[in-house]
Amino acid sequence: MTAQDSATRPAAIAPRPRKVSRTLSHSAAGTALAALGVACFSLSFPATAWSLTGFGPWTSTGLRGALAGLLGALYLAAVRAPLPQRRHRAGLLVVSAGCVLGFPLLTTLALRTSSTAHSAVVIGVLPLATAVVAALRTGRRPSRAFWAAALAGAGAVLLFTLLQSHGRPSLADLYLFVGLLVCAAGYAEGGRLSRDLPGAQVIAWAAVAALPVTVPVAALGLAAEPVHLGVKALAGLAYVAAVSQFGGFVLWYRGMAAIGVPRASQLQLAQPLLTLVWSVLLLGETLPAAAPVTAVVVLVCIAVTQRSKA
């Protein structure tokens, strides 16, 4: 090796640390986006409870989806988004059915008789369900440590739920469990699609695809259910339509595309805990005594999943 070769060798390997740095930065940005999405979703149940003070469950769900579809259509027109390719359309319909139609309706029906605090903790099983669906859909196999932490977090949430319901799940719990299954499918499919399409376009097309259902549901709901307009009802409806049904998903799907569906989904273990705080601050509900213990377990599980191979 000549002296000239020795002098030029360090320059040849110098870009590698920068590449690692860019990768870490990309991962950190993805985690931050997914976490912001979780923060947005954590207010969905309190906002839904507010909307139910002035609208019936079918009216609230229909208007939520119709307004989100309008926002999605305006966004797609503004960016001149091309029509989705045929290979993306089935996945977008799954997102539409799970995240725009099924989950909002089922959780809204549940919140008629269940507190937001209780409902939020039941939905805490959603990260595990999303990870399972993603693994089955994509063929990826997360590590044993990942699954152990995810199962521990889900188990803590289920135990909390059973303690709160005295071991007898209610009809509202059934709505919530079915809702989380269809939502998990929508999350996993949306995360997969976000590798090919911008996250904003994924949820925008899904919301637009649901318009033939959400608009008639809104119209029928307005005709059949009483309406009592108020500040809370309008604020709650505006939030679930603009943030829960659209803006939060833009952040969420971008984060999932960056760090992967299984790892991003585990960040959502923090969502029930955040919703518990909002339920106390915004709705005046009583915080369950077991919540602090559940919080510690869930936060530990999040830390483990974020450091495990996913």
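User: Why does Val-280 count as partly exposed?

Analyst: Val-280 has 32% relative accessibility; buried means under 20% relative accessible area, exposed over 50%, and partly exposed in between (1.4 Å probe, protein chains only). Val-280 therefore counts as partly exposed. The model is predicted: local features need pLDDT of at least 70, side-chain atom pairs count only at pLDDT 80 or more, and totals for chains, interfaces and linings use all residues. Residues are numbered from 1 along each chain as its sequence is written, and side-chain values use heavy atoms, without hydrogens and water.

User: What makes the place of Val-280 a helix?

Analyst: Val-280 lies in helix H14, residues 271–283. Helices are DSSP runs (H or I, at least four residues), numbered from the N terminus.

User: Which residues are in contact with Thr-214, leaving aside its neighbours within four places in sequence?

Analyst: They are Gly-62, Gly-65, Ala-66 and Leu-101; contact means heavy atoms within 4.5 Å.

User: What does Leu-70 count as, and why?

Analyst: Leu-70, in helix H4 (residues 57–79), has 48% relative accessibility and therefore counts as partly exposed. Leu-70 and Ala-242 are 172 residues apart in sequence, with 9.9 Å between their C-alpha atoms.

Notes. Helices (H or I, at least four residues) and strands (E, at least two) are DSSP runs, numbered from the N terminus.
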